Amino acid sequence: MTRSSPEEMLFSRLFASLYMLFILVLFGRLLEWWIAPLTRDLLTLSFFNNILVFVDLIISLGTTIVFLLLNGQRMNSEIEFSRLKAQEFAERYSHAVKSAKAYVWDLDLETGDLFWDDALDKLYGSPIESQKQLKSICQSFGIDIDDVSNLGNLCNTNVIEEDLTVEVTFHHPENGMRFLLVHATTSCDNSNPSRLSGLIYDLTSLRKVEHALKESHRKLNLLTQITRHDILNRVHIVRGFGQLLARELEQPKQQEMAEHIVVSADLIFDLISFTGQYQNIGMQEPKWQDIAVLLDSNDIRNSIDGIELNRPDSGTLIYADVMLEKLLFNLIENSLRHGGDVKVISLSCEHSDEYLKIVYQDDGVGVPESEKDQIFERGYGKNTGMGLFFCREILEITNLDIRETGAFGEGVRFEMKVPPGYFRIGN
């Protein structure tokens with residue numbers, strides 16, 4: 001329960017006093033009417049009538065004054081409350097901006113004046129450098145601050161219809177290269193000044209971590225290549241001596257054991273060679289790729305010699321790992337290796353309101369119902385057991401999904417589900 005302010009208590013007492021006086025006079029007038037019924041006329045001059053009129057005037061005047069004072073007090077209270085709320089919001093906004101390590105800047109599109117917070121000067125080193133860099137940022141958005149006459153017309157152009165984002169670099173004389181991400185948006189309301197406001201984020205730590213991670217991957221990849229090369233050389237030796245041993249041995253059981261050595265060496269060779277094909281998975285940033293274009297690669301065309309390939313129309317782009325072409329090659333190789341007498345392979349795109357479905361089909365034997373989930377597990381299969389496992393891993397990098405939905409005996413049907421934001425049509 002809140003306590004009343006002294007002003008409110010005073011106003012309440014004035015109201016109470018005025019209405020109490022009115023009630024007393026009214027009670028006296030009623031008492032006079034009861035004693036002398038002939039005087040029941042407000043227009044008749046009498047002591048109580050005069051007092052009643054006088055009190056009414058005082059009450060009307062007093063009520064008006066008190067009402068004005070009370071509303072003035074309430075207006076001041078609301079203004080003070082709004083000021084405190086605005087100050088509280090500004091403090092929260094400032095705290096949030098500082099917590100996000102962001103820097104605020106603003107451009108008046110009517111005058112060309114630039115404003116920014118003091119923290120930006122610490123980032124750039126001086127107010128002069130801050131102004132210089134902000135002008136450069138605006139120029140990257142296609143806005144020339146020095147051309148004030150055209151700033152006011154920017155609200156009528158397409159350059160600021162959407163939020164603007166750009167990443168810039170800045171070389172600090174003491175801290176070295178800095179990587180900055182700039183977000184900007186505009187306000188073109190006729191009732192308010194037209195503005196271009198934005199935030200600047202310092203991504204230097206993130207970019208350094210990314211560079212260190214890429215460098216670590218590069219060195220690890222190099223080490224893997226060297227190790228794989230050395231292992232394959234040793235496997236060649238084991239396989240060669242195993243073949244010679246199988247020829248020299250006379251007993252069938254010994255020959256069988258030597259042949260097992262050769263088969264195991266061949267399997268090790270295939271597994272290590274297979275890992276070499278997928279050593280770059282996730283090493284590069286995903287990019288937009290057209291499946292119809294990927295199907296024209298030399299590896300894929302050579303692998304389907306003599307087989308009919310139905311492909312989708314060009315123009316549907318998928319945001320996926322750069323090894324998407326290897327995925328398609330692996331699906332075709334899987335059909336040729338395990339599909340039996342495959343004569344037709346088809347790829348198509350099915351669009352829905354939200355998702356894109358890429359369908360791969362062949363006219364081979366298909367996959368038994370009991371194996372539909374197991375074929376994507378590592379080590380399952382008749383060859384290396386890694387092909388479809390890596391296909392799923394490649395797709396999951398960009399949140400794509402794959403499953404087998406075909407009917408056994410009618411060929412395989414792999415459905416790759418592409419979520420919104422990861423496909424574009426017509427570009």
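## Overall make-up

Eleven helices and 13 strands make up the secondary structure of the protein chain. The model is predicted. The chain has 427 residues, and 32% of them are buried.

The chain exposes about 27300 Å². Carbon and sulfur atoms supply 56% of that area.

F27, L31, W34 and I35 make a nonpolar surface patch. Its area is about 520 Å². One of these residues, I35, sits in helix 1, which spans residues 6–35.

Is I35 buried or exposed? I35 is exposed, at 61% relative accessible area. The cut-off for exposed is over 50%, so I35 qualifies.

Strand 1 covers residues 102–108. It is mostly covered, with six of its seven residues buried. Two strands pair with it, as described below.

Strand 5, residues 195–202, runs antiparallel to strand 1, and seven bridges join the two. Strand 2, residues 114–116, is also antiparallel to strand 1, with three bridges between them. D106 has a bridge partner in each neighbour. In strand 5 the partner is S197. In strand 2 the partner is F115.

Strands 1 and 2 form a hairpin, with five residues between them. G112 lies in the turn and has a positive phi of about 80°. As background, side chains in a regular strand alternate between the two faces of the sheet.

## Salt bridges within helix 2

The whole structure holds eleven salt bridges. Helix 2, residues 47–99, contains the pair R83 and E80. Their side chains meet in a salt bridge, at 2.6 Å from N to O. The two residues are three apart in the helix, so about one helical turn separates them. R83 is partly exposed at 43% relative accessibility. E80 is partly exposed at 35%.

E88 and K85 form another salt bridge, at 3.9 Å from N to O. Both lie in helix 2, three residues apart, about one turn of the helix. E88 has 29% relative accessibility and counts as partly exposed. K85 is partly exposed as well, at 43%.

## A salt bridge between strands

Which residue forms a salt bridge with D202? The partner is R178, and the closest N and O atoms are 2.5 Å apart. D202 lies in strand 5, while R178 lies in strand 4, residues 176–187. The pair therefore ties together parts that are 24 residues apart in sequence.

D202 is partly exposed, at 23% relative accessibility. R178 is buried, at 17%. Buried means under 20%, so R178 falls below the cut-off.

## A salt-bridge network

Some charged residues join in a network. E350, K357, R403, R413 and E415 are linked by salt bridges in this way.

Definitions and conventions
Residues are numbered from 1 along each chain as its sequence is written. This is a predicted model: local features need pLDDT of at least 70, side-chain atom pairs count only at pLDDT 80 or more; totals for chains, interfaces and linings use all residues. Side-chain values use heavy atoms; hydrogens and water are left out. Patches are made of residues with over 30% relative accessible area and no salt bridge: like charges are joined within 9 Å, nonpolar side chains (Val, Leu, Ile, Met, Phe, Trp, Tyr) within 5 Å. Accessible areas come from the Shrake-Rupley method with a 1.4 Å probe; for residues, only the protein chains shown count as cover. A salt bridge is a side-chain nitrogen of Lys or Arg within 4 Å of a carboxyl oxygen of Asp or Glu. Helices (H or I, at least four residues) and strands (E, at least two) are DSSP runs, numbered from the N terminus. Buried means under 20% relative accessible area, exposed over 50%, partly exposed in between (1.4 Å probe, protein chains only). Two strands pair if DSSP finds at least two bridges between them.
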